[in-house]
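This report describes a two-chain model. The sequence and structure come first.

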Amino acid sequence: MKSDKRIGIEVIPGREGHICRKDAGASAETVKPAGQSGPDIACNRESMAGAVSQRACVFCGARVVLNPIADALHLIHGPIGCSTYTWDIRGSLSSGPELHRLSFSTDLREKDVIFGGEPKLYHALSELIEKHEPRAAFVYSTCIVGVIGDDLKAVCARVEKERGIPVIPVRSEGFKGNKNEGYKAACQALFSLIDRAPRGETVPLSVNILGDFNLAGELWMIRGYFEKMGLRVVANISGDGRVADIEKAASAALNVVQCAGSMTHLARMMEQHYGMPFLRVSYVGTDDMADSLLDIAGFFKDKTVQTRTEELIASEIAALAPELEYYRERLKGRKAAVYVGGAFKAVSLIKAFRALGMQVAMVGSQTGKADDYAQVRAVADPGTVIIDDANPLELAQLMNRLGVDIFVGGVKERPVAYKLGVAFCDHNHERKRPLEGFAGMVNFAREVYSSIASPVWQWVPRAAAAEGS
Amino acid sequence: MKSSASSHVSTTNPCRMCRPMGACLAFRGIANSMVLLHGSQGCSTYMRRYISSHFNEPVDIASSSLSEKSAVYGGAANLKQGIRNVVARYSPSVLGVVTTCLTETIGDDVRQIIAALLVEEPSLREVLIVPVSAPSYSGSHMDGFHDSCVAILERLASRPIPNNGAINIFPGFISPADIRHLGRILADFQTPAIILPDFSQTLDGGISDVYRRIPVGGTSLEQIGQMAGAAFSIEFNVTSPERQSSSALLESLADVSGERLPLPIGLRNCDFFFQALSDMTLTPVPARYKEERARLLDAMVDAHKYLFGKKVAVYGDADMVLALTGFMVDVGLVPVVCASSGDGAEFTRRISEATAGLETRPAVLTETDFDRIGSGATEAGAELLVGSSKGNHIARRLDIPLLRLGFPIHDRIGAQRLLHIGYQGTINLLDRLTNTIIAQQQDEYGNGYSYM
């Protein structure tokens with residue numbers, strides 16, 4: 001086992017390049033992992049066998065991006081597990097239909113694997129469309145479908161013809177790469193939906209919301225801001241999404257892209273094919289929220305929009321200032337570790353913690369890419385440990401080594417933090433209170449404070465991390 | 001929404017988990033063990049999340065993280081690297097190497113790959129590497145669970161050894177609290193017991209001052225070896241075929257006589273279990289359990305009027321549902337849907353036996369999904385659901401309560417501490433059931449009431 005001297009933790013040989021420290025004193029532009037040349041941090045690679053990566057698979061990437069489209073049928077072509085473990089996984093709210101909350105599977109069995117699953121897929125699709133009358137159907141391929149060679153495209157085309165709704169294959173075989181490949185597969189499916197519809201006239205002062213999944217109703221909040229600014233939202237992609245809206249997406253004037261890791265691909269395709277511009281935004285933290293709205297307003301070069309946006313920001317910030325100050329007083333000086341799906345969100349979280357007077361000592365992501373990590377480095381404090389595609393042992397060692405007070409991540413990391421005596425904030429699918437937007441910042445502060453300030457920690461010793469078993 | 005045809009080929013809201021999941025759970029009950037799933041990265045992450053959300057414990061499961069190339073040319077290199085890395089990082093005594101649908105379909109010969117690895121790296125021989133075949137496209141998680149127990153016994157307890165007077169218990173998939181309760185019962189019978197698998201600590205650990213890579217607890221390899229010398233075995237599994245029965249295996253390989261009993265839930269099943277223990281150990285049932293039994297009877301009488309005639313839909317793993325059905329019949333509840341996640345003619349036969357006295361027989365569903373359970377519950381006018389948290393959608397739709405038990409419970413805490421078995425577990429269950437019904441009646445009764 002190799003001990004990583006730079007960071008002071010053990011890593012599997014071959015993983016060293018995935019961890020670096022933003023060196024104290026160096027300027028953001030010049031920071032490189034010590035002793036290494038070439039790319040700054042190894043990322044966007046396949047996970048190492050036996051490393052216990054926190055990542056899921058290609059299928060998962062596609063599933064979480066498309067699933068919130070609430071009036072579409074989402075059929076998983078594969079064995080039962082892929083459907084069981086992703087049922088209602090995303091927690092996306094819908095203001096209308098909730099077809100996305102049902103988990104449909106072809107439940108492939110041995111005989112299907114031997115003789116092919118196409119007949120079962122055809123019948124399953126037909127009966128489900130008959131029963132639920134969806135506006136479109138997405139058919140996800142899983143690992144074995146890629147191996148047994150079912151012709152998904154042909155089956156989908158046949159059913160589309162027979163049923164008169166878009167039936168779109170999603171090429172998401174689990175082994176085809178990492179989660180980023182799944183995002184790409186989802187974007188291709190979305191583009192296929194958009195592109196088969198006739199393109200309408202561009203709607204002035206309008207946007208599509210890309211990369212928000214309406215967890216805890218966050219998208220509704222964002223839509224509310226846009227409406228106050230005087231903008232029209234053509235399509236939500238994909239939170240509280242509707243097929244008919246997405247089909248009209250090419251008529252929006254601008255794509256605003258959050259969750260850049262999952263949705264930039266779609267924005268690029270739309271830029272390429274329709275000349276639609278896009279802006280990368282983030283709704284996490286007051287600074288990024290405000291900057292995003294100003295960027296969007298700036299794009300439209302419309303005086304009324306600009307004024308309304310400035311007023312909106314001023315009134316929202318004024319409304320939350322006293323409560324934020326309350327938490328800032330109590331949280332300042334505390335240290336956080338952040339490990340999230342995409343590195344872009346991590347950037348916003350660093351700023352959000354800074355706004356609370358806290359420091360992020362460790363920041364990492366499952367699927368960040370080189371430019372995301374460059375931004376992370378630019379924003380992070382000197383000395384911050386940056387980690388890609390981490391695993392529980394590395395995270396446990398880092399939490400301990402860096403003496404963090406709170407860990408921000410998803411549900412798999414929660415018990416690791418708790419066992420170590422570290423507070424936790426869920427910033428993943430399971431959150432039940434909006435953490436985006438201006439009001440979300442207060443919720444975020446409250447979440448962080450309610451774990452850090454809990455009296456239970458007085459009884460729980462900080463555990464020594466990940467000693468040998 | 002149109003009405004559903006009964007002969008549909010699709011599955012909606014699965015009630016079944018896949019085979020590798022059960023293997024992961026069983027290995028978790030073996031001391032200092034790890035599992036490596038030979039397949040694509042997502043399987044291990046999904047199962048970790050699923051298990052972790054129920055038990056609120058860290059759950060590390062490795063993956064060989066196959067790529068497109070390995071899916072085409074075979075996963076040997078990934079599997080070998082995966083084993084090396086897991087052993088280097090976790091130093092396990094046992095490593096379950098569990099296949100998935102992908103590696104079963106591409107036809108990797110896992111045994112041969114492991115054999116080749118052990119030649120390349122003899123130091124790995126210190127780790128007991130146990131391959132388990134778990135094609136996710138056949139059977140359910142319970143098949144993976146039982147297969148894993150059988151696989152490890154075949155490696156460690158496959159020939160007779162001198163009698164050590166111990167009792168083997170193969171409890172099946174019950175909660176950590178249940179396993180601890182079993183240990184206590186056996187201790188009260190003053191008989192050494194070996195429970196396999198025992199995840200009472202590994203999936204319900206306390207806070208300690210050291211974070212361990214592999215949590216403490218579990219049945220040790222030495223104990224598993226000693227199972228071949230036990231006086232007898234008790235297995236709570238009456239629904240699996242014989243080849244998946246740990247007690248049958250020990251009987252044939254190591255001459256340890258065994259008995260397969262229903263899960264000790266409900267007065268009747270508990271009596272079977274305590275009687276069997278008493279007979280086998282030649283020890284009278286300890287006073288504590290006679291008192292618990294009497295208290296259970298008292299509780300049944302206290303509760304009977306609230307329960308009588310209430311229609312219940314129950315779903316979950318076959319042995320659990322079977323035991324719950326028997327218990328419900330015995331307290332006057334009326335099971336109207338009995339649904340098993342797995343397949344099984346044996347399940348169907350036994351449910352029909354357990355409900356023979358009812359005026360209306362329940363709908364019996366196997367390898368089912370929540371769509372079918374929901375239809376069954378609706379048609380039969382179920383007033384209560386009993387099973388995992390995944391029935392929550394149905395409960396909300398039908399506006400009936402759901403009593404959460406079994407696995408998984410993802411929307412409440414404390415699932416690992418739910419006691420289902422023994423007289424005491426049955427009392428807990430009875431109280432929870434009854435209070436669920438009373439709470440609903442109280443809510444429906446005008447302004448509620450202060451006395452019953």
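The model is predicted, with local features requiring pLDDT of at least 70 and side-chain atom pairs pLDDT 80 or more, while totals for chains, interfaces and linings use all residues. Residues are numbered from 1 along each chain as its sequence is written, and chains are lettered from A and ligands numbered from 1 in the order in which they are written.

The predictor assigns the complex an ipTM of 0.95 and a pTM of 0.95. The mean pLDDT (the predictor's confidence in each residue, from 0 to 100) of chain B is 96, and 98% of the residues reach at least 70. In residues 1-6 of chain B, pLDDT is under 50, and the model has 8 contacts beyond four places in sequence for them.

Chains A and B touch through 68 residues of chain A and 65 residues of chain B, two residues being in contact if their C-beta atoms, placed from the backbone, lie within 7 Å. On the side of chain A, helix α4 (residues 118-132) contributes the most, with 8 residues. Helices (H or I, at least four residues) and strands (E, at least two) are DSSP runs, numbered from the N terminus.

| Class | Residues of chain A |
|---|---|
| Nonpolar | 38 residues |
| Polar | 17 residues |

Strand β5 (residues 104-105) of chain A runs antiparallel to strand β1 (residues 11-12) of chain B, joined by 2 bridges; strands pair if DSSP finds at least two bridges between them. A:Phe104 has B:Thr12 as its bridge partner in β1(B).

Chain A comprises domain 1 (1-42 + 320-469), domain 2 (58-195) and domain 3 (206-308), with bounds from an automatic or database domain assignment.

Note on methods:
Ala, Val, Leu, Ile, Met, Phe, Trp, Tyr, Cys and Pro count as nonpolar, Asp, Glu, Lys and Arg as charged, and the others, Gly among them, as polar.
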